[in-house]
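Biologist: Please put the model up, and then we can go through some residues and helices one at a time.

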Amino acid sequence: MTTEDARGDTAHGRGQGLHAEPRVRVGGGWIAGLVLANLGLYMAFFTPIQVLLAEQIEAIDPVGKEVALGWVTGAGALVAVVANPLAGALSDRTGGRFGRRRPWMLGGALAGAAGLAATAAQSTVAGVAVGWCLAQFGLNAMLAGANAVVPDQVPVRQRAAVSGFIGIPQTLGLVVGALLVTVAATGLTAGYLLLAVLVVACALPFVLLTRDPPAPCAQRRRQPVRLADFWVDPRRHPDFGWAWLTRFLVMLGNAVGTLYLLYFLKDAVGYPEPDKGVLILTLLYTAGVVVTAVAGGVVSDRLGKRKALVAVSSAVMAAASSLLVFWHSWPVAMAAATLLGLGFGAYVAVDQALITQVLPTAGDRAKDLGVINVANSAPQVLGPALAAPVVAYAGGYSGLYLAATAVTALGGLLVWKIRSVP
């Protein structure tokens with residue numbers, strides 16, 4: 001075992017006995033099952049936001065559709081902020097022969113599917129919000145379990161590569177889901193129900209065919225979940241705090257930069273078919289992610305380095321945003337989308353691996369990853385509140401993309417504050 005392996009295996013597992021880091025590499029079948037589960041999960045997450053919810057709310061309230069959609073998606077994001085760490089904490093305490101993570105992956109998929117089906121049946125904005133919040137609760141419970149199986153079972157020196165594989169569905173899920181609900185499904189209800197079936201079907205192979213080690217400490221499972229459990233003191237665990245902040249800033253820059261893409265193409269670029277333009281840019285972005293996600297992870301694992309690759313990939317994303325500060329044209333927009341995808345692919349693989357190495361305790365992996373997920377969800381709530389005044393009063397779209405550039409670059413710089421990971 002290399003020095004880096006030894007460091008990773010012991011840095012957060014000292015004195016924890018059976019909580020020691022895994023050392024046996026996972027195989028291709030295990031990875032493929034987790035990729036499939038994540039594909040179903042992210043199709044269910046993103047396709048309603050991009051396609052189904054927008055169309056459903058427009059049919060219900062065509063005059064106030066923008067505000068209504070913001071309220072519905074914002075409410076769902078707030079549920080995600082609570083549900084993910086809560087489900088993670090309960091997952092850490094789950095016992096039984098079925099394991100800790102699989103019950104939450106399957107149960108979350110079923111609850112998410114029920115929420116999607118309930119959303120499809122609604123005819124009021126309030127009803128859509130309730131259904132979508134139920135879906136978000138279930139899907140985030142599934143996400144809590146799916147995220148935790150990586151540090152549970154994947155060795156440190158394989159984690160970035162595996163994170164790269166499971167990072168691809170984060171962008172591919174939107175493209176595949178949008179194609180399915182627009183081509184294979186006829187109508188909104190059919191689209192929601194198709195996603196509901198797929199999220200469960202995609203989870204089943206991994207849940208049924210892979211092992212899930214049970215919680216190693218029976219006493220631990222009897223401890224109640226307390227509100228104080230979700231506070232991770234950055235003074236005691238500074239590397240975790242810096243990792244959370246860097247993830248939050250990069251995701252905030254991403255949220256701010258992509259929020260008004262449709263309006264940017266229409267009003268600043270003057271693209272004649274902005275809907276089609278968004279689809280083209282999404283495909284270019286997805287292609288970039290696919291190219292670098294696994295490759296960046298493999299390079300990081302082989303070098304045993306995380307911080308430098310996180311910093312470089314963040315700089316690439318900042319450079320993509322900076323292009324749109326100065327040039328509002330279709331060719332530059334395509335170049336920026338491709339560059340953003342190339343940066344994000346490597347970032348999502350390497351940064352996720354880095355985060356698994358700064359978790360305070362192995363016994364709270366799912367809960368602490370849920371706390372990290374707040375850094376993914378909170379920018380979706382804060383992004384609109386920050387972006388709207390910038391566009392209106394602080395430089396328009398040039399000001400918006402300058403803000404996105406600055407926030408993303410700062411996130412990449414702060415990763416050097418982390419000390420325990422090379």
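Biologist: Is Gly40 buried or exposed?
Modeller: This is a predicted model, so the values are computed from its atoms. Gly40 is found in helix H2. The cut-off for buried is under 20% relative accessible area. Gly40 has 1% relative accessibility, so Gly40 counts as buried.

Biologist: Which residues does Gly40 touch, not counting residues up to four places away in sequence?
Modeller: A contact here needs heavy atoms within 4.5 Å. With the sequence neighbours left out, the residues touching Gly40 are Leu198, Val199 and Cys202.

Biologist: How far apart in space are Gly40 and Val348, C-alpha to C-alpha?
Modeller: In sequence, 308 residues separate Gly40 and Val348. From C-alpha to C-alpha, the separation in space is 18 Å.

Biologist: At what angle do the axes of H4 and H7 cross, and which term describes that?
Modeller: Helix H4 covers residues 102-120 and helix H7 covers residues 188-209. Their axes come within 8 Å and cross at roughly 175 degrees. Angles over 145 degrees count as roughly antiparallel. H4 is therefore, relative to H7, roughly antiparallel.

Biologist: How do the residues of the contact of H4 with H7 divide into nonpolar, polar and charged?
Modeller: On the H4 side the contact includes Arg102, Met105, Leu106 and Thr119. On the H7 side Thr189, Tyr192, Val199 and Phe206 are among the residues involved. The division is 18 nonpolar, 2 polar and 1 charged.

Biologist: Is Thr119 of that contact buried or exposed, and which residues surround it?
Modeller: Thr119 is found in helix H4, and with 0% relative accessibility it counts as buried. The C-alpha atoms of Thr119 and Leu53 are separated by 8.8 Å, although the two are 66 residues apart along the chain. Leaving aside neighbours within four places in sequence, the contacts of Thr119 are Leu53, Gln56, Val128, Gly131, Trp132 and Tyr192.

Biologist: Which element gives the most to the largest nonpolar core?
Modeller: The largest nonpolar core has 46 residues, and those with the most contacts inside it are Trp30, Leu34, Met105 and Leu116. Two or more residues come from each of H2, H3, H4, H5, H6 and H7. The element that gives the most, with 14 residues, is H2.

Biologist: Which residues does Met105 touch, not counting residues up to four places away in sequence?
Modeller: Met105 is one of the residues with the most contacts inside the largest core. Beyond its sequence neighbours, Met105 touches Leu34, Ala37, Met142, Gly145, Ala146, Val149, Phe206 and Val207.

Biologist: How many residues are in the second, separate core?
Modeller: This core includes Tyr285, Ile355, Val358 and Leu359. Its residue count is 31.

Biologist: Which residues does Asn254 touch, not counting residues up to four places away in sequence?
Modeller: Asn254 is found in helix H9, residues 238-259. Asn254 is buried, with a relative accessible area of 16%. Its contacts outside the sequence neighbourhood are Tyr285, Leu340, Phe344 and Thr408.

Biologist: Is Ala126 buried or exposed?
Modeller: Ala126 lies in helix H5. The cut-off for exposed is over 50% relative accessible area. Ala126 has 53% relative accessibility, so Ala126 counts as exposed.

Biologist: How many disulfides does the count come to?
Modeller: Cys133 is buried at a relative accessible area of 18%, and Cys202 is buried at 8%. A disulfide needs a pair of cysteine sulfur atoms within 2.5 Å. By this rule the number of disulfides is 0.

Conventions:
Residues numbered from 1 in each chain as written. Predicted model: local features only at pLDDT ≥ 70, side-chain atom pairs only at ≥ 80, totals over all residues. Heavy atoms only, no water. Axes fitted to C-alpha atoms, helices over the stretch in contact; angles between N-to-C directions. Helix = DSSP H or I, 4+ residues; strand = E, 2+ residues; numbered from the N terminus. Parallel < 35°, antiparallel > 145°, perpendicular 65-115°, else oblique. Nonpolar A, V, L, I, M, F, W, Y, C, P; charged D, E, K, R; others polar. Buried < 20%, exposed > 50% of the residue type's maximum accessible area, 1.4 Å probe, protein only. Core = buried A, V, L, I, M, F, W, Y, C linked by side-chain atoms within 4.5 Å.
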